[in-house]
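User: I've got a structure open and would like to talk through its pockets and a few of its residues. Can you take my questions one at a time?

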Amino acid sequence: MTAIIRAAIVQTSWTGDKESMIKAHEDYARQAAAQGARVICFQELFYGPYFCQVQDSAYYEYAESIPGPTTERFQALAAELGMVMVLPMYEQEQPGVLYNTAAVVDADGRYLGKYRKNHIPQVKGFWEKFYFRPGNLGYPVFDTAVGKVGVYICYDRHFPEGWRALGLNGAQIVFNPSATSRGLSAYLWKLEQPASAVANEYFIGAINRTGIEDLGDNDFYGTSYFVDPEGRFVGEVGDAHNPELIVRDLDLALLAEVRDRWAFYRDRRPDAYGELVRP
């Protein structure tokens, strides 16, 4: 396996309906493949609006089984393009049991599994407890054609424990698909993920949607990026207003270099951390 992995992330705006959003992301995947990308991740709840700006059960209709019709559609595309895909979607496990989930598909089209968002916010403009149960699948890392891939979703990023769990589970690249608002969290956006990449010694792809949707005044500010385990942005950060496909080369050889230099995993003290998991 080559140490250089060309990876892609997508930031975009709501088109108005599910089918056109899916088609737009199929186009983004084809464009990424044409540029040589071997892995791609879409934004949080990629085929819909960020409906958590309101509390309305009508939006339950966006939920579907995973794997299910959208997963299968992108499994076929992944196999055609030879590309690993991370697909953040609204999952219905059974009626009334709903999750904010990302499916992971390998480059040969195989469905590898899913991550369910563990930390669920409930604040103005982000009424997620109305729509989602907390995840119950832990912090899986998927062995893909481009290496070991993990997923952490949006609000999760404020919690260092999951970042570390992904590192302990062997992650080399972690994607954080998000829908995050300019007025609320912009001051954290370029701090948290670089710091987490350094602390846990892996690459992070941070994805945020763009635009203001009809459901509310949340201004999704894009600025998606890749960051390396030294905390450096890989290339330019995405546009703050407009949709963009971001394709970057990630040198996985840097992981061993940084881990040998700092040895954070060697010097951990799990025997001293018991208080951290007390309720």
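This is a predicted model: local features need pLDDT of at least 70, side-chain atom pairs count only at pLDDT 80 or more; totals for chains, interfaces and linings use all residues.

User: Where does Cys 154 sit, and what is its phi near?

Analyst: Cys 154 is in the loop between β9 (147-151) and α3. Most residues other than glycine have a negative phi.

User: Is Glu 201 buried or exposed?

Analyst: Glu 201 belongs to the loop between α4 and β11. Its phi is positive too, near 60°. The cut-off for buried is under 20% relative accessible area. Glu 201 comes in at 0%, so it counts as buried.

User: Which residues does the cis peptide bond join?

Analyst: Most peptide bonds are trans. Here, one with omega of about 0° is cis. Its proline is placed in the loop between β2 (39-41) and α2 (69-81). The bond joins Ile 66 and Pro 67.

User: Moving to the pockets, which element gives the largest share of the lining of the largest pocket?

Analyst: That pocket holds about 380 Å³ of space. Two elements give two or more residues to its lining, α3 (160-168) and α4 (182-200). With six residues, the largest share comes from α3.

User: How do the lining residues of the largest pocket divide into nonpolar, polar and charged?

Analyst: There are 16 lining residues, and Pro 160, Glu 161, Arg 164, Tyr 273 and Leu 276 lie nearest the centre. By type, the lining divides into nine nonpolar, three polar and four charged.

User: And the second largest pocket: which element gives the largest share of that lining?

Analyst: The second largest pocket has a volume of about 190 Å³. Its lining has 15 residues, with Phe 126, Tyr 155, His 158, Leu 184 and Ser 185 closest to the centre. By type they split into ten nonpolar, three polar and two charged. The largest share, four residues, is from α4.

User: Which side chain does the side chain of Asn 176 make a polar contact with?

Analyst: Asn 176 is in strand β10 (residues 173-178), and it's buried at 0% relative accessible area. Leaving out residues up to four places away in sequence, it touches several others, including Cys 154, Trp 163 and Gln 193. The polar contact, at 3.1 Å, is with the side chain of Ser 178.

User: What backbone oxygen does the side chain of Asn 208 reach?

Analyst: Asn 208 is part of strand β11 (residues 203-208) and counts as buried at 0% relative accessibility. Among the residues it touches beyond four places in sequence are Gln 11, Ser 178, Trp 189 and Gly 222. At 3.5 Å, its side chain reaches the backbone oxygen of Gly 222.

User: Why does Phe 142 count as buried?

Analyst: Phe 142 lies in strand β8 (residues 141-144). Beyond its neighbours within four places in sequence, its contacts include Val 104, Leu 112, Tyr 115 and Val 149. Buried means under 20% relative accessible area. Phe 142 counts as buried because its relative accessibility is 7%.

User: How far apart are the end C-alpha atoms of residues 5-252?

Analyst: UniProt, in an unreviewed entry, places the feature "domain: CN hydrolase" at those residues, 5-252. Over that stretch the chain is 23% helix and 31% strand. Its end C-alpha atoms are apart by 7 Å.

Terms used:
Residues are numbered from 1 along each chain as its sequence is written. Side-chain values use heavy atoms; hydrogens and water are left out. On a 1 Å grid over the protein atoms alone, a cavity is a set of points where a 1.4 Å probe fits but cannot get out, and a pocket is an open set with protein on both sides within 12 Å along at least five of seven lines; lining residues have an atom within 4 Å of a point. Grid points are joined across faces, edges and corners, and a volume is the space filled by probe spheres set on the points. Ala, Val, Leu, Ile, Met, Phe, Trp, Tyr, Cys and Pro count as nonpolar, Asp, Glu, Lys and Arg as charged, and the others, Gly among them, as polar. Buried means under 20% relative accessible area, exposed over 50%, partly exposed in between (1.4 Å probe, protein chains only). A polar contact is a pair of N or O atoms within 3.5 Å; within protein, one must be able to donate a hydrogen and the other to accept it, and residues adjacent in sequence count only if both atoms are side-chain atoms. Contact means heavy atoms within 4.5 Å. UniProt positions are given in the numbering used here, feature names are shortened, and annotations may be inferred rather than shown by experiment.
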